Amino acid sequence: MSETPRVSVVIPTYRRPESLLRAIESVLAQTFEDFELLVVDDASRDRTRAVVEGVRDARVRYVALPARQGPSQARNAGVELARSDWVAFLDDDDEWLAEYLAEQLARADSITNVHVDAVFSLVYRTRLRGRRKVCPDPSEAPSGGDIEGRALIRAVLTGGIAPTMSAWVVRRDVLVELGALDCSNPSMHDVDLWLRLAQAGHRAAVTGEPLVVWSNAGSDRVSADPEARERGLAQIVRRWEPLILETLGADEYERWLESRRGKAYRLHRRHIDDVMACGSRADAWRYARSMVRRLPWGARNVLRALGFALTGRRPRAKREEAGKVAAAPRD
């Protein structure tokens, strides 16, 4: 590794030692080798440190935060310590294909007529039973060599870019200029960053092939928390509504907003399903109380939670599912 490597890879992590090791191994398997790897531990109290220090590679650096601050602050700490001109982000439960860094940096170098400050790729989104789906659909991904301004904003908002930091390589000086990630946004800090990047006039290049295996499946992800999803959306709307309206128009903006709210609603419904499957009436009661302030939005979820809290009765499908779990053989 050179004293100033071409790219700094930042992996924020919290209590995922097994998946973290797979993520690290995917970085070390890159065909492009001039990088440093900063693993920023967000105050895990498990064997995370031992896992990282067990990796025998001089390019790997372990950084421990003194107290838990969240993935955005962990990424920002990595940006601050990075020694390279480019920063690549990887979540601790995602993986890169071996050509990821080589292809991303080659894409940036191939565009010589304009200054490119970020590069993103398509991803393989893991599905149930190990199936993969390319995200975004190649027909919906931005076309051409690079995009900026309104085209980049539209791509960020409407699914033309996979909603994961693991698909991005960004110039470090641009991240510093933009103030890096906004740690106050609990679930859409990446969207906020890319909107700031586009608004400031920076260009992003597109690598039109999937180079990332994006898990998007962990129940402990911030994006899987329905209340965090709601708060993040509300913050994006407060800050960016005029820009979103200008870019999408009133009708498409309403459809976009309804789609985002629908995702939060489905997460709430899944949360209630989990509570009922576990048989926790106390959790259902707390959930119902926390949801009252959202009425009439989400009324059905509130009623389902309240009904289970008061009676302990699940819908028939949930009773059958719980019975199968109880009858399953134990080790």
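A residue counts as buried when its relative accessible area is under 20%, as exposed when that area is over 50%, and as partly exposed in between, using a 1.4 Å probe and protein chains only. By this rule W168 is buried, and W194 is buried too.

The model is predicted, so local features need a pLDDT of at least 70 and side-chain atom pairs count only at pLDDT 80 or more, while totals for chains, interfaces and linings use all residues. Residues are numbered from 1 along each chain as its sequence is written, and side-chain values use heavy atoms, with hydrogens and water left out.

Of the 331 residues in the chain, 49% are buried. Contact means heavy atoms within 4.5 Å. Among contacts between residues at least 6 apart in sequence, 76% join residues at least 24 apart.

Aromatic rings come next. A pair of aromatic rings is described by the distance of the centres and the angle of the planes. Rings of Phe, Tyr and Trp (its six-membered ring) pair if their centres lie within 6.5 Å; planes under 30 degrees apart count as stacked, over 60 as edge-to-face and the rest as tilted. The structure holds four such pairs. The ring centres of W96 and Y100 are 4.3 Å apart and their planes are at 15 degrees, so this pair is stacked. Both W96 and Y100 are buried. W168 and W194 also form a stacked pair, with 3.7 Å from centre to centre and 10 degrees between the planes. Because W168 lies in strand β9 (residues 168-171) and W194 in helix α7, the pair ties together parts that are 26 residues apart in sequence.

Now consider two helices. The buried residues of α5 (residues 149-158) are L152, I153, A155, V156 and L157. They pack against β8 (146-147), α7 (189-199), β10 (203-214), α8 (226-248) and α9 (250-278). Helix α9 also packs with α11 (residues 299-311), at an angle of about 10 degrees and with the axes 10 Å apart. Axes are lines fitted to C-alpha atoms, for helices over the stretch in contact, and angles run from 0 to 180 degrees between N-to-C directions. The two helices are therefore roughly parallel, a term for angles under 35 degrees; over 145 counts as roughly antiparallel, 65 to 115 as roughly perpendicular and the rest as oblique. Residues making this contact include Y265 and H268 of α9 and R300 and F308 of α11.

Most residues other than glycine have a negative phi, and most peptide bonds are trans. R15, in the loop between β1 (7-13) and α1 (17-28), has a positive phi of about 55 degrees although it is not a glycine. R15 is exposed, with a relative accessible area of 53%. A43, in the loop between β2 (35-41) and α2 (48-53), has a positive phi of about 65 degrees and is not a glycine either. A43 is buried, with a relative accessible area of 10%. The peptide bond from C135 to P136 is cis, with omega near -10 degrees, and P136 is in the loop between β7 (132-135) and β8.

Conventions:
Helix = DSSP H or I, 4+ residues; strand = E, 2+ residues; numbered from the N terminus.
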